[in-house]
Amino acid sequence: MGTERWFACELHCHTVHSDGDFTVPGLLEAARTRRLDGIALTDHNTFSGYLQAQNSLSPVVLGGMEWTTYFGHMLVLDCKRYVDWRDALPDTIDEKMRQVHESGGLCGVAHPFQLGTPICTGGHWDYRVRDWSLVNYLEIWSEGAPYLNTSNRRAIRLWASLLDRGYRIAPTFGRDWHRTRGNPLPSACTYLYCPAPLTPDGMKQALRRGRTVVSAGPLFTVETADGKTSGDCIPAVHTEFRFRTDTTRLCALQTENTFVPREIRLYTNGLQEILRLPVSGEAQTAQIPLNAAQWYCATLWGETDGKANTLLAVCSPLYTQPHSNHKER
Ligand SMILES: [Zn+2]
Ligand SMILES: [Zn+2]
């Protein structure tokens, strides 16, 4: 296994195999142009495009499908056996997700607060999940201009409330990429922490372990002195957090925008802010007295596109022990 590093990925893509305009080679080319290291192919209710994409090395492709139903859209990745999505109902979704996990797959909630339209019914998440430990990841940002979209603020609040209840769910961005034309700038990406070189399985394990950073472009990361990072569990003691802000790692799509990182803010349970640190250089540290059974989420704020005080990046949390609601799977 190689050394781990952060890879820029787009985890929500469509092609002509569902309602996208991209052919599969066209999507791969567009991802290469944007210097994305990996993508997840998530056509609506089909994985037929994956045959054309599975051997791609640039970008690396993780196969999946977007369960597109009246009660919500669920992203299912790398499921080794077909699980029938057609009879998924609000009260049976837990059982469906269990079947996905038994078949080796991952479950993600797509755009939970998207407004339905006559064309795209069911974009709003109405499934009654009882056991949120069955959900691996949730799109806290979706579509082209995530930090300008108010439904993303609701998604962040939903995600934080689940963290408060002890669930560990990786935050992701999903562009819901269908075509190049007409997609508003700016966009974003999900960075995944994986062994190099990137592989589909590496992407999958990063999502499973919560090793994600959602970003409008800058690579912003947090780790402890002994190398623990997003998704990891750490002792509830006084700990040094090391923040890195790398504005050189931007997908090509974002280079039209300028980013001026201004502040690092650290949040914990109840979305309580416990640290505000002006950005000064690429690497910074802060001493944080950690409490037990909490989550700690580092975020980056600054200016982009002329707008001040804008959320630029969200790191998946680190968690302190013990965490009673968490179930291993
Ligand atoms: Zn959708
Ligand atoms: Zn979609």
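Reader: How many helices and strands are there in the protein chain?

Author: The protein chain has five helices and 18 strands. Helices are DSSP runs of H or I with at least four residues, strands are runs of E with at least two, and both are numbered from the N terminus. The model is predicted, so local features need pLDDT of at least 70 and side-chain atom pairs pLDDT 80 or more, while totals for chains, interfaces and linings use all residues. Residues are numbered from 1 along each chain as written, chains are lettered from A and ligands numbered from 1 in written order, and side-chain values use heavy atoms, without hydrogens and water.

Reader: Why is T245 called buried?

Author: Buried means under 20% relative accessible area, exposed over 50%, and partly exposed in between (1.4 Å probe, protein chains only). T245 has 7% relative accessibility, so it counts as buried. The residue sits in strand β12 (residues 238-246).

Reader: Which residues are in contact with T245, leaving aside its neighbours within four places in sequence?

Author: They are L219, F220, P261, I264, E282 and L300. Contact means heavy atoms within 4.5 Å.

Reader: What makes a set of residues a nonpolar core?

Author: Its members are buried Ala, Val, Leu, Ile, Met, Phe, Trp, Tyr and Cys residues, joined through side-chain atoms within 4.5 Å. The largest such core has 81 residues, and W67, W132, W141, F241 and F243 have the most contacts inside it. Strand β16 (residues 295-304) gives the most to this core, with six residues. Another core, of 18 residues, lies apart from it and includes F7, L62, L77 and L106.

Reader: Why is P200 called partly exposed?

Author: Its relative accessible area is 30%, so P200 falls in the partly exposed class. P200 is in helix α5. Beyond four places in sequence, P200 touches V60, V61 and L62. The helix spans residues 200-209, and its buried residues are G202, M203, K204, A206 and L207.

Reader: Is T46 buried or exposed, and how do you know?

Author: T46 has 18% relative accessibility, so it counts as buried. T46 lies in the loop between β2 (38-41) and α2 (50-53).

Reader: What is said of phi for D78 and N309?

Author: D78 has a positive phi of about 55°, although it is not a glycine. N309 also has a positive phi, near 55°, and is a residue other than glycine. Most residues other than glycine have a negative phi, and most peptide bonds are trans.

Reader: How do the accessibilities of D78 and N309 class them?

Author: D78 has 18%, so it counts as buried. N309 has 53%, so it counts as exposed. D78 lies in the loop between β4 (72-77) and α3 (93-102), and N309 lies in strand β17 (residues 307-315).

Reader: Which residues does a cis peptide bond join?

Author: One joins A196 and P197, with omega about 0°. Another joins Q321 and P322, with omega about -15°. P197 is in the loop between β8 (189-195) and α5, whereas P322 is in the segment after β18 (318-320).
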